[in-house]
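Take a walk through this two-part text with the model open beside you.

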Amino acid sequence: MSNLTLTEKSTAKIAPAPADADAWTIMDPVRGRIRIAMTLAVSSAVLGLATMGFLALTVRDLLESPGAWPWSAMLGALICTVSAYLLRLAAFNESHFAAFRLETLLRSDLSRHLAQVPMGYIQAVGAGALAKVMHDDVKALHVFVADSTPLHARAYAVPAITFLVLLTLDWRLALAAAAVLALGFGVMILAMRNRAEMVQLYNEARERVGTAVVDFVQAMPVVRTFDSGTATFGRYRNALREYLEVLTRWYREAGFPMRFSMAVLNPMPTLAVLLWLGAWLTWRDSLPFAQWLAVLLIGTGMAEAMMPLIALKHLVDKTQLSIARIQEVLSAPVLPEPDRERMPTDASVRFESVGFRYGEMDGDALSDISFAVAPGSVVALVGPSGAGKSTVAKLIPRFWDVSTGRILVGGVDVREMSTETLMSQVAFVFQDTFLFSGSIADNIRLGLPDAGMDAVSAAAGAAQAHDFIMSLPQGYDTQVGERGLFLSGGQRQRITIARAILQDRPILVLDEATAYADPENEAALVTALSELMRSKTVIMVAHRLATIRDADQILVFEHGRLVETGRHETLLARAGIYARLWRKYEQAQDWALCGRHPTCEQPQPESR
Amino acid sequence: MSAALESTPRITSWRETYRQLLRAAGAHAASLRTSLIALALAAVVQGLALASIVPLFSSIQTATNTGDILTWLVIMTLLMVLATLLRWRAQNFEFNGELAAVNHTLRTRLGEQLRRMPLERLQDKRTGEMTELLLGNVDENLNYSLMIIDLIMVAVLTPLATALALLAVDWRLGLALLLIFPIIVPLYRWRRPAFSRDKRSLAEAHAGTSADILEYTQGLPALRASRAAGEKAERLHTGFEELERIQAVSHRKSAGPNGVVSGVVEVGLLLILASGVAWVVSGTLNVAVLAAVFVIVARFSEPLSTFVMYTSMLELIEAALERIEALLAIPPLPQIEPCARPDHHEVHFEHVTFRYAQADTPSLRDFSATLPARGLTALVGPSGSGKTTLARLLMRHADPQEGYVAIGGVDVRAIRPDELNAMISVVFQDVYLFDDTVLANIRMARPEATDTEVEAAARAAHCLDFIGRLPMGWHTRLGDIGSRLSGGERQRVSIARALLKDAPIVILDEPTAALDTESEVAVQRAIDALVRDKTVIVIAHRLSTIAGADRILVIEDGRLVEQGRHDELLARAGRYRASWDAQLAVKAWRPGTADADVRA
């Protein structure tokens, strides 16, 4: 997946790097501390200049009264050096601690924000991509916040202050030093003329290389079997070649001015100019030696103050994309919460003329869906893939909000309930099970931290999970999750069912809850589901039609519309879409691959 | 996550780094060496230019002769111009495009290595890690190294050259400078292990937080449904605070040595200046020389105090070079000579034992079986029992530690890799389609196939109807609409690919597991067309699918526990029979009647 933009997975366009001003807003939460760090850095730099001044004074004193110790000037130099050193360390520490604090704050903000955005957003972007933003991108800010802020302050303040000091020392030398800098920067601006465009081209070319690498690595099993790498490797090589072309063009266009400005902004040319001009002025006796010395000590630092920043620039540039991604996530709109909430009265679910589209540009995913589910009844949603049945299931917990119409739970529009209330009404079991790292018991009592061990094991028992849990080395205290024990898909699913049983909410939404179980687990799983569904309002999405034959109501979807409603027998008799699906289902069930054995009958492919 | 990337940077000597740099430069190594030498010379010449300020000041101070002043000004300027020219020359490597060419070649070499290295080793690595390696690390390796090396040379060689030149003017000053500046290198060496230690604990803390975050984002549907997200995700927030604490500790530990290094430099400079003043006061040093030393030393302090910052970037470069070399060093799987070509396609596993590199226990233990040519063999067993591993060993993603795999009596290690690949078609559960046209995605299996042949394969795989519906038909790019193809449609494209390849051995790895009913039927028909007259190996959970197989291998825990035909295995009443009964029971499940005993 693209690592540049979040939302559009396939049509990845590079997020424009924010202007510097935007980038700085990311530091708002620690703005105060950053300001302190920058102030400390500037003070340190000013004291550094003062040290140079005292050194010039030392020489002046020595020239005026040879043989006497220039105590006061030397003491001044010592004090300024030590204070400058301490202030620099303080600035460095302050900006680093601020950067660490910022990481914590941003990650907390992001985690809170993700708890409030539509789940649909999280699905569209992908959990992995969001985790990358929360960890990697936030971490990438470090160089920008911790290292470059003091340097920034110094890069702007020092040349300005230096120039003022130089003016008071000797205006001619001040102008000469400034002229060298102006020449350097003038040429540099020339070099940066097409920078935005080049950066864009560069990032695009780089992104293509990235995609080709991902293709190459992820698809390697396919690549090796099907083209021994020729076509894919060709794509990778093409991407590399384009990248090389962009780079070569960049060097050709900006190469000379870039090198030239680097050569001029080196402190040495400034030093040379100040030496020539100063020597001439001193020779003409229009400049005292000590004053010239002060200019030489201070003046060359102008360019130097900027060099570390330029050296850091590529690292800072790298963070711009991270900042853009963080800001993109933080600006994803949250689900609106009602000001005054209404409480549901029973365990019914009703859709009233619900229409839904995923984005402004997309077609209707659902149109004009109306149905009612009585408390305690079982409703099955079926239909070909893409018909909208999973969307219906996901609208109930507000993965998204409807585009038109409304969804009522217990007689109340889901948008008029707080998320808390809605979640206390509805439990979900999805096909991808989630176990976090922690004990099995904690996983079952997720969201109900006060539930006692008895309740937990009772729920596990009903979910057909108790026996296998007890057979584990530490029973309910066994650690599971990514860093824990390996459990099979069916076992994990039964733990999530135990969780739903413990939560005991009146309405239950099942989305393909048995999809990934292997044969033996599946038997235990269906028993567990039967326990879970006891006396609940159940809305289940199923591909395997056998599991829903006895539902109180079957809703058949096609192309985002509700096309048939009824019980199994009624629908079969109608010989419509459900009847067709059922026939296909039976056919798929009976599919058998055949070897050479004579008794095996090759199923005849239907001619189209 | 970057645990693997950041953990314990091994401390390489600068000499070794230099060699690695040259190796990475490949054909351009000589040119790179010239550049580096030019950079070193530039730093030295710059030091001499600075040193010439001393006689310049002396001649101004005595002010007897404008000729002397001019001479020294001209010498200094020439030296500075020479330093600039040398540096300019060194930068040619970058600006004339050689650097980009080196990176290009390196990336191409890395790409070729990806094709050659054992697939198992490749799959060990995370995709993100590989992208980082081929993109970021290759850039880090050279792009910044010239700049950083220049800065380090200016910080080290320039003061050294100046100090040596000063020896001629005043040996005390020269010696003092010589004593102070080289100290920084051992100081840096001393600081570095401490830095690495902290980096490791920091990397561990980051790895932990990264895992916590991934768990959080992946678990958000469940966490929110359980009302345990956001503010209530206590573990997560505690983890953030803990990370910040470790960051602060590690910062203090590394800021300490850094502070000492730059402190030592500053104190050293002050000491030199103080002794200079003392010599002037006692009349043994000309004040003009002291003034010149002030100007020179002022030039040194900045590069020296930022030296530490540059060296940490050097570490980045070192780590990148090492990762690149490590990847390039992975050998391809060994080939048995002379190569042989099987004349039939019976597959045989002979006492195969195989353990994955990262695993503690073997995935296959002493596994022996024969899979008949032009027959259907089914692999059955719980997830993780080793079925997929068998298929991978046949395709030589890795070689078994013991025993061997043979096709038509020939050890697969003696079959040329491209011939082996040509012999086997695979239909995976997860389909991978490339960001290219539908046509290219199918044709990749046999680039020389005619349009008619591609179309025939697509027809047999039941692809024509949906290809006709795509906005640009055959020429629709799948990258743009990949998500709009259903799972079944994607699977059929991959089957068309396999049909076009027409390989004698076909592996089906749960090809219909993730499909809905309607797609499933279409995919099943496509598969029926694919497996005719082939040696077929199928991995399937639904036992009814494989009941007609010529041979069923029941695998458990990496071992072959039963084998035979469906009716034979049923009669034996073993593992297979148990699974079969369980599946029949599930089929009879009636959820509307919640109390039904499914195990009846």
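**From one leucine outward**

Setting aside neighbours within four places in sequence, Leu297(A) contacts Met52(A), Leu55(A), Ala56(A), Phe294(B), Val295(B) and Ala298(B). Two residues are in contact if their C-beta atoms, placed from the backbone, lie within 7 Å.

This is a predicted model, in which local features need pLDDT of at least 70, side-chain atom pairs count only at pLDDT 80 or more, and totals for chains, interfaces and linings use all residues. Residues are numbered from 1 along each chain as its sequence is written, while chains are lettered from A and ligands numbered from 1 in the order in which they are written.

Leu297(A) belongs to the largest nonpolar core, which has 350 residues. Leu293(A), Leu297(A) and Phe294(B) have the most contacts inside this core. A nonpolar core is a set of buried Ala, Val, Leu, Ile, Met, Phe, Trp, Tyr and Cys residues joined through C-beta atoms within 7 Å. A residue is buried if 20 or more other C-beta atoms lie within 10 Å of its own, exposed if 12 or fewer, and partly exposed in between, with C-beta atoms placed from the backbone. Helix H13 (residues 287-328) of chain B supplies the largest share of the core, 21 residues. Helices (H or I, at least four residues) and strands (E, at least two) are DSSP runs, numbered from the N terminus.

Now the contact between the chains. Chain B puts in 140 residues and chain A 146 residues. On the side of chain B that touches chain A, helix H12 (residues 234-281) of chain B gives the most, with 17 residues. That side has 68 nonpolar, 46 polar and 26 charged residues. Here Ala, Val, Leu, Ile, Met, Phe, Trp, Tyr, Cys and Pro count as nonpolar, Asp, Glu, Lys and Arg as charged, and the others, Gly among them, as polar.

Next, each chain by itself. Chain A has 21 helices and 12 strands. Of its 608 residues, 47% are buried. Chain B has 24 helices and 10 strands. Of its 600 residues, 46% count as buried.

The axes of helix H2 (residues 14-25) and helix H3 (residues 29-51) of chain B come within 8 Å and cross at roughly 135 degrees. H2(B) is therefore oblique to H3(B). Axes are lines fitted to C-alpha atoms, for helices over the stretch in contact, and angles run from 0 to 180 degrees between N-to-C directions. Angles under 35 degrees count as roughly parallel, over 145 as roughly antiparallel, 65 to 115 as roughly perpendicular and the rest as oblique. Leu21(B), Leu22(B) and Ala25(B) of H2(B) meet Ala29(B), Leu32(B) and Arg33(B) of H3(B).

Last, some loops. The loop between H13 and strand E1 (347-354) of chain B holds Glu346(B). Glu346(B) is partly exposed because it has 17 C-beta neighbours inside 10 Å. Pro338(B) lies in the loop between H13 and E1 of chain B, and a cis peptide bond with omega about -5 degrees joins Glu337(B) to Pro338(B).

In chain A, Gln464(A) has a positive phi of about 60 degrees although it is not a glycine. Gln464(A) counts as buried, with 23 C-beta neighbours inside 10 Å. Ala575(A), also not a glycine, has a positive phi of about 55 degrees. Ala575(A) is exposed because 10 other C-beta atoms lie within 10 Å.
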